[in-house]
Amino acid sequence: MSKKRILTGDRPTGRLHLGHYVGSLKNRVKLQHDYETYIIVADVQALTTNFANPEKIAGDVRQVTADYLAVGINPEISTILVQSMIPEIAELTVYFSMIVTVNQLRHNPTIKLEAAQYGYQDLTYGFLGYPVSQAADITFCKADLVPVGGDQIPHIEQTRKIVRRFNQLYRPVFPEPEALVGEFPRLMGLDGKSKMSKSLNNAIYLDDPAEEVKKKVSQAVTDPARIRKDDPGHPEVCTVFAYHQAFNQEETPEIAEACRAGKIGCVACKKNLAQVINSLLEPMRERRVPYQNNPALIDDILREGTRKARNVAIETMKEVKAAMHLDYFPI
Ligand code: TRP
């Protein structure tokens, strides 16, 4: 029996961080052995916010790919592809756009939140409609499972609606994909105020050097009620403790107890955490080296992955056009 498929990906808008890791990357690395995995570098989607400076995207396409390879996505078994190089995805987006209502898109909570964050009022068609293009990303390879961060749930719901509508109107071409969210879908940022994110400057990046990790962790916000080292702490409100829960599960009960009893100070607790994070990142740093020495390897991986994915997309589009009675004659 053939394996089920995964399709997932990211917008190339900069370096990936620990929030991406626990929200989704970790699942992808684990599941690539059990599923036929496709990972899309969604450069067209990056244009929703970068339309005025598209020249920035090329570097980020390679950065995101390097991050994938560093966390352990294995290009021998997983296919990494560039969205804009598969025109069938754009074609499928147009067909899907006929069966999505503007109201569905306008009520998408992630779109609303992002529009507010960017200060967009009069949304572009492409921004409002990117969940439709994301549905085409997911379905060109007939994906069954989509490992993503929690913010992506509305988009997967939208994809499922489109798939149901398509299958019912024309012919059952697509499986209904399911979202899979990581254990820690909303990792707190170092500021302890909002989710870890590049734009808020509160992130630890997967390619941060060890010293940078130590420095960032030492500046992380802890329980404000703890002024002296032996004051009793409240782990439930402490960002550093939240990171112990995400990255240092074995030690978490001891740390909670010691903190509550005022037996471990924040400085020691942070030192321990920095070490734990650095030992997670160390193998990633090592995996990155060959690509830093030879960046052309990254393009080779993307070329091969995109070619393979394109063949899959071409086959799917034949089925889509036949199902829609758009297969008049060969040219
Ligand atoms: N919207 C996703 C993000 O912002 C990126 C993405 C594009 C994606 N296409 C996808 C995720 C398909 C999963 C499946 O990170």
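The sulfur of Cys266 sits 6.0 Å from the closest cysteine sulfur, in Cys238, which is too far for a bond. No wonder a search of the whole structure turns up 0 disulfides (pairs of cysteine sulfur atoms within 2.5 Å). Cys238 is buried at 11% relative accessible area, while Cys266 is partly exposed at 23% (buried is under 20%, exposed over 50%, partly exposed in between, with a 1.4 Å probe and protein chains only).

Bear in mind that this is a predicted model, where local features need pLDDT of at least 70, side-chain atom pairs count only at pLDDT 80 or more, and totals for chains, interfaces and linings use all residues. Residues are numbered from 1 along each chain as its sequence is written, and side-chain values use heavy atoms, without hydrogens and water.

Now the pockets (on a 1 Å grid over the protein atoms alone, open sets of points where a 1.4 Å probe fits, with protein on both sides within 12 Å along at least five of seven lines; lining residues have an atom within 4 Å of a point). Volume here is the space filled by probe spheres set on the points, which are joined across faces, edges and corners.

| Largest | about 1,300 Å³ | 47 residues |

Closest to the centre of the largest pocket are His20, Glu114, Asp151, Gln152 and Lys195.
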